[in-house]
Number of protein chains: 2
Amino acid sequence: MNATRPRVVIVGAGFGGLAAAQALRKAPVDVTLIDKRNHHLFQPLLYQVATAALSPADIAAPIRAILAKNLNTRVLLDRVEGVDAAAKEVRLGSGASVPYDWLILATGARHSYFGRDDWAEHAPGIKTIDDATAVRRKVLLALERAETETDHERRKALLTFVVIGGGPTGVEMAGAIAELARKSVSRDFRSITPHCSRVILVEGGQRLLATFPETLSAKAKRAIEKLGVEVHLGGRVTSVGADHVQVGDEIIPAFTAIWAAGVQASPAASWLGVETDRVGKVQVAPDLRVEGHDGIFAIGDTACCPGPNGRPLPGVAPVAKQQGKHVAATIIAALKGRRAPGAFRYRDYGNLATIGRRAAVIDFGKVRMSGFPAWVLWSVAHIWFLVGFRSRIVVGLSWVWNYLTFARSARLITGEIR
Amino acid sequence: MNATRPRVVIVGAGFGGLAAAQALRKAPVDVTLIDKRNHHLFQPLLYQVATAALSPADIAAPIRAILAKNLNTRVLLDRVEGVDAAAKEVRLGSGASVPYDWLILATGARHSYFGRDDWAEHAPGIKTIDDATAVRRKVLLALERAETETDHERRKALLTFVVIGGGPTGVEMAGAIAELARKSVSRDFRSITPHCSRVILVEGGQRLLATFPETLSAKAKRAIEKLGVEVHLGGRVTSVGADHVQVGDEIIPAFTAIWAAGVQASPAASWLGVETDRVGKVQVAPDLRVEGHDGIFAIGDTACCPGPNGRPLPGVAPVAKQQGKHVAATIIAALKGRRAPGAFRYRDYGNLATIGRRAAVIDFGKVRMSGFPAWVLWSVAHIWFLVGFRSRIVVGLSWVWNYLTFARSARLITGEIR
């Protein structure tokens, strides 16, 4: 490293932060990538860890290993506590400070309970590996307890799974739980049969997958109902407890609830004291600069960036990746005295969601696909985008194996029981 | 299930308990297998999870899935609290009781700190998946912290790894850590070079692998020293703290210590109030019955069973498996009014230990092997004995991949940092 080269600090090694680091690989800058975890996580497949189809290491790779060949980049495992914009320094949890000339905030989002944080305990969301293994534990323990429960009502509640939120994550979770609870485990348990379990998907709006065209929403609903999932549309969750979920006035006895309803941006905005939208995302200029802070960018789920139709861009991996590249290009242009690339424009290659092990919906704009061909395409796309060659092989193999056998290979309950 | 059939209760789904359940598969009995975890664990490879080469799910399989085809068997996830030998019932943590006609105790062992339980916090042992992921976290975090540590002495202590105990587990752990710290990670870190780290293996006796012939012990010592491990023989650990291990009078500054020194049997003996040996194993009759308790057997690490040379049999998987089968045969003979198989005789097919990714030692009694051919044989044997077809493929693939690339695919730090 050369102390006189411009210093770029990237906070967060999600899709956006990694893409920026990769795009700066050959630039004459010193890059520091800071993350509070040591691994990059392929979040789109996290629900498969939560439902025991994949192992954590299949969808997560050490950030250092991914960037081993980026010789201008160092990786720090640390928690960012704040930004001193006047001194141009990032303050770390360990007490150290990291100076920057350019700062890229790619800190992502957590789930939001719309002010009802007390629901978090009973209806965990899925954003990290630890979240996913906790949900896996919860689902598998419910099945184990149902096996020995003699009280009929308690048994029913143990076998009732409520997924809250009808976006892609909720639809994917509900489909995967239905398969796990109704098919995969049926031959291993002596007293649970496929008819015993209920999987309920609650969505506040009038259709599933609201960001997709209506025809695909309808197809997704039919496909997921075929898997045995009960879909509640227009259902407003009014209470979540250890043993129930209340939707409107109806109390559903259930020991397992999963939250897939809302997201909230990381506290990056508060580090800068800048304006945010309703969910805490930083308002950015068209070129992704944070207004009023020269040299600071926000990307991915950290940024509120309007799309071509005026609505904010969705919080998906392709947006974050393209924004990471865009910011890197902006920095490189500035260093070389070239014309800046200007406003960020999202190239939308399509929108995918999967429903169980046989169906998916894909919206390419003009072309729309659904059913089994869409599922095959979804599988290929996800394996392709998985970081790390070994992960691709292992995940591909796990899927083929699970598909052929209905087995769930990662059905581990870790941690002590009671 | 038929209520009038004899009831066999097996406690523990390790190698012994599973072998007994499998051998009773077609017997006219109702089998209940109770374990406090939902998975069977292939313990001989646990050190590879602790050193990030394999994922937990690669070496663990749900007990229910393994026994899905055993139609006379039910599996309970519960903690056994005690045995009421008069009423012939096993008492569970959930409050329920399970009646038995025959009881097989296969509850295994934990590590023992020889009365210094305060060392457990600083020098964890490796017996469960949770143990292994905790050690993995500890080792990987030490490397991460060393990368940013500026104080020379602290940095040296972060990069010093002390393994206590020179049996197979200790030798395997030390070799694997040496590879991880000296080779696998060197290209990913910017300030750690192979020479920075020290791996120290402390053994109280005068040679490593005391159960092997002396020539193989010497070969193992040479092989592990070639990997860069410093071997301290005749070293007595006198203190273990957060930042040091003391061996005799010498204080070794080290933030990571791992315990592979002693085992202690499960509390099964106390459930029955029977005599034990020094480490808590139940004294059994030659046919593995617990003396004074008709119909109760103890096997594997739960039992103290003398071998042909008068010394107790070692706590290894083949002993447990053969004992499980023997007890099942004894029960079947009793039910059918046939002559009992009598005293248990251990058939010793050999003794294996591996040293890093290129060497192993094998003792077949007359034939002894070491070096690379022994390592290949060790690999084949371990993949062969892995339960579950998918695990075999994935582990085989991971090993080939790790071998070719020196990569460690499961290098995840889970849980929150600081």
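A: B:His244 has B:Pro253, in strand 16 of chain B, as its bridge partner. The model is predicted: local features need pLDDT of at least 70, side-chain atom pairs count only at pLDDT 80 or more, and totals for chains, interfaces and linings use all residues. Residues are numbered from 1 along each chain as its sequence is written, while chains are lettered from A and ligands numbered from 1 in the order in which they are written.

Strand 15 (residues 244–247) of chain B and strand 16 of chain B run antiparallel and are joined by four bridges; two strands pair if DSSP finds at least two bridges between them. Helices (H or I, at least four residues) and strands (E, at least two) are DSSP runs, numbered from the N terminus. The sheet in question is open, with three strands in the order 14-15-16 (chain B) and antiparallel pairing. Its edge strands, strand 14 (237–240) and strand 16 (250–253) of chain B, each pair on one side only. On average, neighbouring strands of this sheet are turned by 20 degrees against each other, direction ignored.

Elsewhere in chain B, the axes of helix 1 (residues 15–23) and helix 9 (residues 317–335) come within 7 Å and cross at roughly 35 degrees. Axes are lines fitted to C-alpha atoms, for helices over the stretch in contact, with angles running from 0 to 180 degrees between N-to-C directions. Residues making this contact include B:Phe15, B:Gly16 and B:Ala20 of helix 1 of chain B and B:Ala317, B:Gly324 and B:Ala328 of helix 9 of chain B, contact being C-beta atoms, placed from the backbone, within 7 Å.

In chain A, strand 11 (residues 160–164) and strand 17 pair in the parallel sense over four bridges, with A:Phe161 opposite A:Thr256 in strand 17 of chain A. From strand 17 (residues 256–259) of chain A, A:Thr256 and A:Ile258 point one way and A:Ala257 and A:Trp259 the other, and all are buried. A residue is buried if 20 or more other C-beta atoms lie within 10 Å of its own, exposed if 12 or fewer, and partly exposed in between, with C-beta atoms placed from the backbone. In a regular strand the side chains alternate between the two faces of the sheet.

Helix 6 (residues 168–184) of chain A is mostly covered, with 16 of its 17 residues buried. Helix 1 (residues 15–23) of chain A is also mostly covered, seven of its nine residues being buried, among them A:Phe15 and A:Leu18.

Conventions: Two residues are in contact if their C-beta atoms, placed from the backbone, lie within 7 Å.
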